[in-house]
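Below is a set of questions and answers on one protein chain.

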Amino acid sequence: MRVTGEAAAAALAQLAEARRTLSGRVLAATLSSVRDLDIAEESTADAFLLAVQTWPEQGVPRSVEAWLITAAKRRAIDRVRRAQVARRALITMTGGWSGTTAGADSTVEAAVVGDDDLRMVVLCCDPRIPEVDQVALTLRLACGISTAAIAAAHRVSTPTMAARLTRAKAKLAAAGPQLDLPDDATVDRRLPAVARVVHLAFTLGHTAADGDELTDEDLADRADYLARVLHAARPADPDLTALHALVLLTRARAAGRFDAAGQQVLLADADRRLWDRELIRRGLDLLVPFAAGGRGPMVAQALVAAEHARAADLASTDWPRILRLYDEILSADPAPGFAVGRCVALSHLRGPYAALADLDEVMGPAGLQRDPYAHAARARFLTDLGRDAEAALAWAEAARHGRTTAEKDFFGSRGVGGDVRAHSAVQDIQRKHSRNTDGT
């Protein structure tokens with residue numbers, strides 16, 4: 001069948017959507033059949049590759065999900081058969097055949113659980129695996145993100161990330177023939193970790209950790225999709241409800257993150273008229289049962305986002321409540337990013353001097369020396385205190401530790417190109433440093 005270029009492009013667009021929404025489900029269905037994570041993962045990748053090769057020419061199948069699952073299972077069967085042939089050959093070479101192995105076909109048609117997306121993420125959140133590797137494994141297995149992209153997001157080399165993923169999968173595979181998607185009791189027990197890991201994955205997409213662009217929309221879309229389906233699978237769970245609300249409220253403000261020239265802007269400079277009010281309404285509705293707080297760090301994070309979303313401007317933001325919510329979050333999860341958020345809230349309540357003192361106190365212990373947004377917050381506090389030269393240096397540090405080209409450009413422009421007074425002050429410092437070095 002001859003297809004037009006337009007039809008081929010449409011097929012590839014549908015395939016991209018399928019990759020975003022169905023990767024985890026296809027992998028889960030294949031894993032249910034073969035009980036081997038490596039084979040299931042490789043076979044799922046094969047199925048999407050086959051789609052790339054055939055859909056533009058032959059058209060998109062009527063049932064995309066069924067087509068992909070069938071293709072993945074067939075590839076899995078081929079891999080199992082090849083492994084069996086190799087094993088038989090090895091046994092023959094070493095002295096003879098000692099038994100029989102059940103055919104792959106006998107297990108391939110095992111039933112697929114209804115909420116495979118949830119169970120696949122829960123499988124990745126195995127407590128035997130460090131959380132940072134749980135995130136990587138979720139991105140790889142549930143979202144279908146390439147190892148190279150995950151490595152970039154975590155700022156490690158691709159071989160390093162590949163080794164970490166291999167170790168993580170080996171721990172899962174230690175269950176041997178019993179490896180399967182988790183049961184309901186396991187799912188319920190791991191839901192807080194699941195919500196945390198999916199939010200970390202979304203954060204890596206919302207603010208990219210590498211490359212030229214500030215955001216990784218593909219990764220954010222996949223994590224957004226997971227947040228939605230996980231909430232649909234467990235609508236009464238507070239963490240998954242808060243996760244869904246947090247993603248909605250964050251994405252609602254996406255259009256205000258950039259100015260007309262496409263450059264990043266800070267919250268203080270955001271045009272709030274561009275915010276998506278429908279997404280905000282949906283996010284706030286989800287949080288009505290948790291208005292009093294006290295339901296854990298994920299709910300508290302969503303309530304912080306809600307306060308920003310409902311405020312008409314920076315001045316009318318309920319900073320006292322945001323500060324209390326950050327205290328609640330940090331008491332349960334002392335992550336460095338939350339410490340920066342608390343300092344920003346503190347600056348609006350008690351002024352830049354108190355906020356700077358608080359931030360400088362936690363920079364070292366919280367490991368914030370390489371965090372660009374911690375340096376950016378310092379720069380803002382120093383600017384408000386009139387210490388322009390130090391502010392410029394802080395902006396320069398923010399730019400130096402920026403993870404993307406967009407971040408480096410933005411912070412760099414704030415420190416030098418965007419502030420003539422700071423530029424002049426930095427030159428003064430550099431001249432003094434040069435004189436000291438030269439002994440003049």
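Q: How many of the 12 residues of H6 are buried?
A: This is a predicted model, in which local features need pLDDT of at least 70 and side-chain atom pairs count only at pLDDT 80 or more, while totals for chains, interfaces and linings use all residues. Residues are numbered from 1 along each chain as its sequence is written, and side-chain values use heavy atoms, with hydrogens and water left out. Buried means under 20% relative accessible area, exposed over 50% and partly exposed in between, with a 1.4 Å probe and protein chains only. H6 is largely enclosed by the rest of the structure, because the number of its 12 residues that are buried is 10.

Q: What distance does H6 reach from its first C-alpha to its last?
A: Helices are DSSP runs of H or I with at least four residues, strands are runs of E with at least two, and both are numbered from the N terminus. The expected span of a helix is 1.5 Å times one less than its number of residues. For the 12 residues of H6 that gives an expected 16 Å, and the helix comes close to this, at 15 Å.

Q: How are H6 and H8 oriented to each other?
A: H6 covers residues 131-142 and H8 covers residues 158-173; they pack at about 90°, with their axes 10 Å apart. Axes are lines fitted to C-alpha atoms, for helices over the stretch in contact, and angles run from 0 to 180 degrees between N-to-C directions. Angles under 35 degrees count as roughly parallel, over 145 as roughly antiparallel, 65 to 115 as roughly perpendicular and the rest as oblique. H6 and H8 are therefore roughly perpendicular.

Q: How many residues of the contact of H6 with H8 are charged?
A: Contact means heavy atoms within 4.5 Å. H6 contributes Val132, Asp133, Ala136, Leu137 and Arg140, and H8 contributes Met161, Arg164, Leu165, Ala168, Lys169 and Leu172. Ala, Val, Leu, Ile, Met, Phe, Trp, Tyr, Cys and Pro count as nonpolar, Asp, Glu, Lys and Arg as charged, and the others, Gly among them, as polar. The contact has 7 nonpolar residues and no polar ones, and its charged residues number 4.

Q: Is Ser157 buried, partly exposed or exposed?
A: Ser157 sits in the loop between helix H7 (147-153) and H8. Its C-alpha is 9.7 Å from that of Thr147, a residue 10 places apart from Ser157 in sequence. Because its relative accessibility is 36%, Ser157 counts as partly exposed.

Q: Which helices are among those that cover the buried residues of H15?
A: H15 spans residues 336-350. Its buried residues include Phe338, Val340, Arg342 and Leu346. The cover over the buried residues includes H13, H14, H16 and H17.

Q: Is Arg378 buried or exposed?
A: Arg378 lies in helix H17. Leaving aside neighbours within four places in sequence, Arg378 is in contact with Leu356, Leu359, Asp360, Met363 and Ala394. With a relative accessibility of 19%, Arg378 counts as buried.

Q: Which residues touch the most other members of the largest nonpolar core?
A: A nonpolar core is a set of buried Ala, Val, Leu, Ile, Met, Phe, Trp, Tyr and Cys residues joined through side-chain atoms within 4.5 Å. In the largest one, of 83 residues, the most other members are touched by Met120 and Leu139.
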